[in-house]
Amino acid sequence: MNNKTDLIGLSKEELAACLKEMGEPAFRAKQIWQWIYFYGKTDFAEMTNLSKDLRQKLADNFTLNRPKIVTEQLSSDKTRKWLLEFADGQKIETVYIPESDRGAVCISTQIGCAMGCKFCHTGSQKLTRNLSAGEIVSQFMVARDVYNEWHLDGEKRMLSNIVLMGMGEPLQNYENVVKAVKILTDGEGIALSKRRITLSTSGIVPFIKNIDKDIGVKLAVSLHASNNELRSQIMPINKKYPLPELMQACRDYQDNHGGYITFEYLMLKDFNDTPAHAVELAALMKKYQINAKFNLIAFNPWPGCDYEPSSNNRIHAFSQKLQDFGYAAPIRTARGQDILAACGQLKSKKESENKS
Ligand code: SAH
Ligand code: SF4
């Protein structure tokens with residue numbers, strides 16, 4: 001390890017301050033920002049509108065680190081998963097999920113997760129640490145390197161969206177997530193629209209209030225139950241922020257942000273998947289007058305987990321019931337299952353390999 005500062009993950013203001021300290025004029029920061037986040041350069045030597053002297057000085061003092069790609073796997077459905085290693089040796093997984101003409105990079109925000117949801121493999125692994133803003137942003141940068149999309153104009157890019165749905169609870173690492181989103185959406189760099197970024201949370205109510213004002217990204221809430229008692233059984237966070245508080249926070253978000261809120265609903269056999277649960281769920285949305293869109297997720301079981309996936313018939317009946325009440329309720333098919341890239345499976349294979 002050396003003492004060089006990594007520039008990736010610094011805010012624009014912080015970058016400007018670094019340059020100012022070196023006696024450089026303000027526009028240098030803008031040039032360097034573009035090299036890093038617009039052109040995706042990883043080597044100061046390629047920043048050709050800077051003097052040779054300055055390039056050398058930058059290289060002596062700073063780094064432009066990407067996490068190391070430890071493994072890369074491609075699924076039969078073209079989902080791609082990377083195991084990435086950060087400078088301290090900690091590893092996370094990042095997934096790219098392609099659709100027909102675009103796709104989403106699924107990014108992790110923490111190493112492990114402290115929320116302990118009963119159905120989630122990441123949750124059974126405890127929290128090791130938060131990721132820094134640079135570590136969050138650089139996952140997307142690695143994906144862009146691999147797909148060689150730095151030079152393409154926006155319309156042609158396959159990596160068009162980001163979902164903060166990898167390992168970890170983004171609202172438990174709020175400051176770094178906000179900083180990372182600001183970098184990803186900065187118009188002089190990666191310039192992703194905030195409408196193309198979705199933050200998924202298990203429901204940390206006090207932070208939901210701030211999302212719209214701080215970053216304005218789309219909100220997805222992992223609901224997974226149609227009433228308070230059921231939710232508490234599978235999600236410990238529900239005891240701290242019970243369902244009525246969560247629903248009110250969603251309603252407030254909707255009032256400020258407009259549009260709809262996505263609710264992720266994991267289909268767990270005989271636990272939350274009957275028509276009566278669907279009726280209860282629709283009534284819950286009606287009570288809080290929420291424009292809900294449901295994503296019905298097939299449960300991905302893992303060794304040692306107490307739950308089983310619902311049958312296809314149950315899932316379809318559930319979806320139909322919600323549609324009868326006027327709610328969109330697409331069934332999300334698991335992607336990248338052959339490489340364990342689906343929701344709740346991340347890191348699991350390496351973890352078990354390490355244990356054995
Ligand atoms: N911590 C955040 C984001 C990461 S989890 C959250 O909980 O929302 C991303 C999604 O995967 C969540 O909706 C989560 O409930 C879901 N998930 C977790 N374990 C799963 C499993 N075993 N099968 C399918 N989805 C799972
Ligand atoms: Fe954490 Fe989300 Fe998994 Fe719950 S579902 S343990 S919040 S990663």
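In the predicted model, N148 counts as exposed, because its relative accessibility of 53% lies over the 50% cut-off. N148 is placed in the loop between α4 and β9. The backbone of N148 adopts a positive phi of about 50 degrees, although N148 is not a glycine. K126 likewise has a positive phi, of about 60 degrees, and is not a glycine. This residue, K126, belongs to the loop that joins β7 (110–112) and β8 (127–130). With a relative accessibility of 58%, K126 is also classed as exposed.

N161 is located in strand β9, which spans residues 161–164. N161 has a relative accessible area of 15% and is therefore buried, the limit for this class being under 20%. Leaving aside residues up to four places away in sequence, N161 is in contact with R102, G103, A104, V105 and R196. For R196, the interaction includes a polar contact between the two side chains, at 3.2 Å. A further polar contact, at 2.7 Å, links the side chain of N161 to the side chain of S160. The C-alpha atoms of N161 and V137 are separated by 13 Å in space, and the two residues are 24 positions apart in sequence.

The contact between them involves 14 residues from domain 1 and 14 residues from domain 2.

Helix α4 (residues 133–146) supplies the largest share of the lining, with 3 residues. In terms of residue class, the lining of the second largest pocket consists of 8 charged, 7 polar and 6 nonpolar residues.

Conventions: Residues are numbered from 1 along each chain as its sequence is written. Chains are lettered from A and ligands numbered from 1 in the order in which they are written. This is a predicted model: local features need pLDDT of at least 70, side-chain atom pairs count only at pLDDT 80 or more; totals for chains, interfaces and linings use all residues. Side-chain values use heavy atoms; hydrogens and water are left out. Helices (H or I, at least four residues) and strands (E, at least two) are DSSP runs, numbered from the N terminus. Buried means under 20% relative accessible area, exposed over 50%, partly exposed in between (1.4 Å probe, protein chains only). Contact means heavy atoms within 4.5 Å. A polar contact is a pair of N or O atoms within 3.5 Å; within protein, one must be able to donate a hydrogen and the other to accept it, and residues adjacent in sequence count only if both atoms are side-chain atoms. Ala, Val, Leu, Ile, Met, Phe, Trp, Tyr, Cys and Pro count as nonpolar, Asp, Glu, Lys and Arg as charged, and the others, Gly among them, as polar.
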